[in-house]
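Here is a short briefing on one predicted model. It covers the fold, one residue and the ligand shell.

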Amino acid sequence: MTASDVGYNSKVEGEVIVTKADAVVNWIRKHSVWPMPMGLACCAIELMASAASRYDISRFGMEVMRFSPRQSDCMIVAGTVTYKMAEVVRRIYDQMGDPKWVVAMGACASTGGMYRSYAVMQGVDTIVPVDVYVSGCPPRPEALLDAMMKLQDKIGNETSVRNLTKTKKVASG
Amino acid sequence: MIDEEFIKGLLAKHSFLSERESIDCLTLESPSGELISFLEYLKTEESFDMLVDLTAIDHGEGEDNRFSTVIHLYSLLHHGYIRIHASCNDNNEPSMPSVSSIYPSANWHERETYDMFGIKFTEHPNLKRILMWDDYPYFPLRKEFPLAGIDTPLPAADVAEVTDASVEPAPMMGGPFVSSANGMVSDSEPRAKDESWTEKNEKPL
Ligand code: SF4
């Protein structure tokens, strides 16, 4: 399903648009992603640059970075996830309302990066489901924007209506 | 000035001190029992008013004095550093008097030293871990602790339950990730130096 599938053509359809519920829901969701900046280390600086005027993430409708998980739907894990912090990352993820997505930004969040050590979790996908991984140490803002566009494509292909009935595991504490 | 005369005077006044060989600043060995009174003297009488660093050394299992703490002081008057080295008496339950009553900045340094080496600082106002979580069972900078870590449960039991995650030894995949100090940046980036082994293929002897 692409954007043109839900495009409005007055010559063909008069004043009526016929489409699938998934297409409408996804189209709305993917153009209004509210990121939660989970800035944990150096990558967060590039995340900030992506939001600034030069790279301008608001071109994709994503400029509303929310520091409250209740108001955001895409967690961008930008930085090194230590085992001590992992608990916090998971709790914040659990507090985000559905639907929600996770982007692992940079080598650290994706795999632990160069930190092969006792203190660092070897990839944030150990504790939260990751939708898009971004390589780089740090990735340039362009790479993050590319990842966000990939995420938009992914959101566009979801079975959103069916997903409504699915339940997820939540940490109780 | 921290010169020969100053050092001589210091050693004459404090018979318990001895000088240690050092390639940079003046380094003194002090017994842990005299440490507090000596630091008090250095701060009030000799103007060593700034504690720059406090850390520890693990000299390795089997050494007579396995753990020692190292304190760096700076004097704004002398424009110079002094390093004090004090050995912990007990190798199994190392302890050291806390100097945070004299230098408040020692508070967090001592917590870190406790966290990493397990040296107990007596009379410390708030001696708990600062980097690792409270229930962590090991002291990671001790010599016997592997860099990759040791299997341990996650700090939060409920998170561990839903995610099935735990603290696992990190894959070394050809040795620790280190950067070499010299050469082109592209060659000196952190990487495993010996890529001939992984956790699955044994390390060649
Ligand atoms: S991937 Fe590199 S830049 Fe990003 S948090 Fe890790 S060390 Fe820092």
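Contact here means heavy atoms within 4.5 Å. By that rule, and leaving aside neighbours within four places in sequence, A:Ser72 is in contact with A:Trp34, A:Pro35, A:Met36, A:Arg66, A:Met96 and A:Gly97. The model is predicted: local features need pLDDT of at least 70, side-chain atom pairs count only at pLDDT 80 or more, and totals for chains, interfaces and linings use all residues. Side-chain values use heavy atoms, with hydrogens and water left out.

**A:Ser72**
- A:Ser72 sits in the loop between helix H3 (43-51) and strand E2 (74-78) of chain A; helices (H or I, at least four residues) and strands (E, at least two) are DSSP runs numbered from the N terminus.
- A:Ser72 is buried, at 4% relative accessible area; buried means under 20%, exposed over 50%, partly exposed in between (1.4 Å probe, protein chains only).
- The A:Ser72 side chain reaches the backbone oxygen of A:Ser68 at 3.2 Å.

**Ligand shell**
- Residues around the ligand (a heavy atom within 4 Å of it) include A:Cys42, A:Cys43, A:Thr80, A:Cys108, A:Met114 and A:Cys137.
- The shell has eight nonpolar, three polar and no charged residues. Ala, Val, Leu, Ile, Met, Phe, Trp, Tyr, Cys and Pro count as nonpolar, Asp, Glu, Lys and Arg as charged, and the others, Gly among them, as polar.

**Chain A**
- Seven helices and four strands make up its elements, in the order α-α-β-α-β-α-β-α-β-α-α from the N terminus.
- Of the 173 residues in chain A, 44% are buried.
- The C-alpha trace spans about 65 × 40 × 25 Å along its principal axes.

Definitions and conventions
Residues numbered from 1 in each chain as written. Chains lettered and ligands numbered in written order. Polar contact = N/O pair within 3.5 Å; in protein donor to acceptor, adjacent residues only side chain to side chain.
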